[in-house]
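Please open the model in your viewer and keep the selection panel at hand. The stops below are meant to be taken in order.

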Amino acid sequence: MSRIEGVLKSLKGQGRKALIPYITAGDPHPDLTVDLMHTLVDAGADIIELGVPFSDPMADGPVIQHACERALKHGTSLRQVLAMVKSFREKDDATPVVLMGYLNPMEAMGQEKFADAAVDAGVDGILTVDLPPEEADEVAPLFTERNLDAIFLLAPTTTDDRIRAISEHSSGYVYYVSFKGVTGAGKIDVDEVAAKVAHIHELTALPVAVGFGIRDAATAAAVGRVSDGVIVGSVLVDTIARNQADPDQLKRALSDLLHPMREALDSLAS
Amino acid sequence: MKLTEEMLKALPDARGHFGAYGGRFVSETLFDSLLTLEREYKRLKDDPEFQAEFDRDLAHYVGRPSPLYFAERLTRETGGAQIWLKREDLNHTGAHKVNNTIGQALLARFLGKKRVIAETGAGQHGVATATVCARLGLECHIFMGEEDIRRQSPNVYRMKLLGAEVHSVTSGTRTLKDAMNDAMRDWVANVDETFYIIGTVAGPHPYPLLVRDFQSVIGRETREQCLDRTGKLPDALVACVGGGSNAIGMFYPFLTDESVELYGVEAGGLGIDTGQHAAPLCAGRPGVLHGNRTYLMEDENGQIAGTHSVSAGLDYPGVGPEHSWLKDIGRAHYVSVTDDEALDGFRKLTRVEGIMPALETAHAVAYAIKLAATMDKDKVVVINISGRGDKDMQTIAEIDGIEV
Ligand SMILES: Cc1ncc(COP(=O)(O)O)c(C=O)c1O
C-alpha cells in the first residue's frame, strides 16, 4: 500500500476528510520551502502537493504564474525540488508528497531518471497537468513499477467513458477540478461539484479530492462534505506572495489560514 | 525515406502523432472539446457543402488563386536559378494567415460557437481572425504580447477597427508564446461557447492537421501554376518557419515529389551561437509545449527559453510537430538566417522587384537568394511570400533611425 493510500484509508476509517495544501516549490525562496512544508503539516495537512515551477504554466491563473516566476528567478529546478523533498523526509516520514507540475521539466530530466530520483527523494505521487492518460503509456509503467501513484485530473467536461478510463490509469486518488477555468479563478458552485463528485464515486472506487476555488473554512467544509478531500492552492500561494518579506509572519499566516479549514473539515466527522 | 501517399494518409495517427511528435498534451478540461473538434472536422472535411463554401470564400473573399510571379530582375541580379514568388502577400488582409482563419471560422459556425479567441504575434493572424469574425458576426478576442503590441501597432489598430478586443499579455516574455498561454487559459474558462482559432500548425491535435489542410491550398496552386508556367515541378521551395503554417502549406502537396527540395527558414536572430534566436529546429531539442511534442528552445532544466527575432511572427520557441517529423526523416531542410540577413532580404526584394515582404517572409527571401546563387540557371526556386511588409514600417524605420 502506498503512503497516499494508507493516509486516505486511515482518514476514511475515522470518517475524516483529507486536507491537501498546494505550494509552489522555491516560492518565495528555495531555502524556505522545506520549512513551509513542515508548517503546512503542523497546521493540519494530510498530504502536500508540491508544485514544480514551470516557465509556461498554462493551466494556472496569475497567482500561481507569479509563484512560478518567483521560484524560477531563484533558479528552482526539478532537481532542487527533489532535493527539497529529500530534506523534508529527514523529519517527516509520514506525510505523503505529490509533485504537481508540467511535463516538460520531467521529460528534460528523462522520465526514467526522474522516476528513480522521485522514489529516492521520498515522493509518493506525480500529477502532470498536461499529461492525459492517452499520452502516458510510456511513463505510467515507470511510475507503477516504483510504487509511485499517478494522479490524473477529472474536469466538469470529462465524459463518463473518460472518467472510467482515467480512473483505471490512476492510483492514490483522482483530482476533480471543480470548475472550468484556471487556478485561482474562484467561481466554485458547490451543488454542481456535489452532483459530479457523487457521480464520479459511482464510476470509480478511488478517493476523489476536489481542488480549484477552495479558499476558506466554509468552502472547504462545503466541498469536504461531498468528497474525500480538498486541495487548497491559490489562496495559500497568494498568502506567500503577500508575506514573502518576513518568513516568520509568513508561516503564521499559512497556519492561520489552514487551521480553520482543518477544524471545519473535522467538524464534519461523523 | 521515400514518402508515399499511403504513408502521408496515415499521418497524423489516431492520437494526432507525426512519428514521435504531436499529440494532445492539454489539461483535462479541454480534452473533450478537442475530441469533438476532431470528430466534426473529420466529418466536414469530406462534406461537399463545407468544402464548396471554403473554396468559394478563398476565391471571392481572399482573392485566390494568388499569383505565381517570376522575379526576373532578382533572378538576373542573383545570377543563378530562376526565382519565382508565390504571392500570399496579395491575399485579403495581406498574408497567408487568412486561408486558415476562413477555414476555422467556418468550423466555428458549423459547431455553433459564437465567441472566437486567437493568439497573435505579428498581428497578421489576429487581423485575419478579426476580419472573418467581422464578416460572420462573431465576438472576437485577440491575445497579443505587450512587446508585440508595441512593435506591430498598425495591426493592433486594424484589429480594433474590425471590432476585436485586443488583450495585452504581460506574463513571461510578453510575446507570441505567452499570448498562446493566455489564449489557452481563456479557452479553459469559456470552453463551452468559445472556438479557439490557432494561427499556426502547432497546438494540440487536431490543430496541426486542420491548419495544414487549410493552408495546403498554397502548395496545390503552386504545383499547378509551376507546371503550367515552367513545364515542370520546382527544384526547391523556400518558406519561413515560425510555427510553420505557411511552410507546411507550401510543402505538403510536394512531400512525395522527391526531386523537390524543401527549405524551412527559421529566425537566426543575432546568430545561432549567441543563443538569441528563434530556431528550435536548428538548435533546439524535443519537448512538450502548447499541447504538442515538438522541437523546442529550452534550458537544461526543461524551462522554455526566451527567444529573439526582429520579426514578431517568428519569435516563438516551438514549431509545428509535422516539421519536427520532416526534419527527423530528412525530407525537409531547416536552416536559419539572422536578423541582419533578413533585413537585407527585405531591402533587396523591395528595391529590385517593388515587392515589400513582411519581416517574417524576408527570412525566406534572404535564404532563397543565397540558395539560388548556388544553383544552375535552368533550376526553379519558389519562395513563399507569406505576407506583405506594411505592418513592419515602424520596425524598419526604428532600425534606420527614422521617425514616421
Ligand atoms: C507574414 C507572416 N509570415 C510567416 C509567419 C509565421 O507563421 P507560420 O510559420 O505559421 O507561417 C507570420 C506570423 O505571424 C506572418 O505574419
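**Before selecting anything**

This is a predicted model, in which local features need pLDDT of at least 70 and side-chain atom pairs count only at pLDDT 80 or more, while totals for chains, interfaces and linings use all residues. Residues are numbered from 1 along each chain as its sequence is written, chains are lettered from A and ligands numbered from 1 in the order in which they are written, and side-chain values use heavy atoms, with hydrogens and water left out.

**Stop 1: the sheet of chain A**

Two strands are said to pair if DSSP finds at least two bridges between them. For one such pair, select residues 174-177 and 208-211 of chain A, which are strands β7 and β8, paired in the parallel sense over four bridges; A:V174 has A:V208 in β8(A) as its bridge partner.

Next, go to the loop between β1 (18-24) and α2 (33-42) of chain A, where A:P28 lies. The peptide bond that leads from A:D27 to A:P28 is cis, with omega near 0°.

**Stop 2: the four-stranded sheet of chain B**

Move to chain B and select the open sheet of four strands in the order β1-β2-β12-β11, which has antiparallel pairing. Its edge strands are β1 (17-18) and β11 of chain B, each of which pairs on one side only. β1(B) pairs with strand β2 (residues 21-25) of chain B in the antiparallel sense over two bridges, and B:H17 stands opposite B:G22 in β2(B).

**Stop 3: B:T294**

Which strand of chain B holds B:T294? The residue is found in strand β12 (residues 291-296), and at 1% relative accessibility B:T294 counts as buried (buried means under 20% relative accessible area, exposed over 50%, and partly exposed in between, with a 1.4 Å probe and protein chains only). The side chain of B:T294 reaches the backbone oxygen of B:V319 at 2.7 Å, and a polar contact of 2.6 Å joins this side chain to that of B:S324. A polar contact is a pair of N or O atoms within 3.5 Å; within protein, one must be able to donate a hydrogen and the other to accept it, and residues adjacent in sequence count only if both atoms are side-chain atoms. Leaving aside residues up to four places away in sequence, B:T294 touches several others, among them B:Y21, B:R285, B:P286 and B:G320, where contact means heavy atoms within 4.5 Å.

**Stop 4: backbone features in the loops of chain B**

Most residues other than glycine have a negative phi, and most peptide bonds are trans. Select B:H290, in the loop between β11 (285-289) and β12 of chain B: its phi is near 50°, a positive value in a residue other than glycine, and at 0% relative accessibility B:H290 counts as buried. B:R174, in the loop between β7 (165-169) and α9 (176-189) of chain B, has a positive phi of about 60° although it is not a glycine, and B:R174 is partly exposed, with a relative accessible area of 34%.

Then select B:P206, found in the loop between β8 (194-196) and α10 (207-215) of chain B; a cis peptide bond with omega of about 10° joins B:H205 and B:P206. B:P204 lies in the loop between β8 and α10 of chain B and counts as buried at 0% relative accessibility. Not counting residues up to four places away in sequence, B:P204 touches residues including B:R24, B:M184, B:H290 and B:G291.

**Stop 5: a helix pair in chain B**

Finish with helices α15 (residues 339-353) and α16 (residues 359-373) of chain B, which pack at an angle of about 85° with their axes 7 Å apart. α15(B) and α16(B) are therefore roughly perpendicular to each other (angles under 35 degrees count as roughly parallel, over 145 as roughly antiparallel, 65 to 115 as roughly perpendicular and the rest as oblique). Residues making the contact include B:L343, B:F346 and B:L349 of α15(B) and B:L359, B:V365 and B:I369 of α16(B).

How values were computed: Axes are lines fitted to C-alpha atoms, for helices over the stretch in contact, and angles run from 0 to 180 degrees between N-to-C directions.
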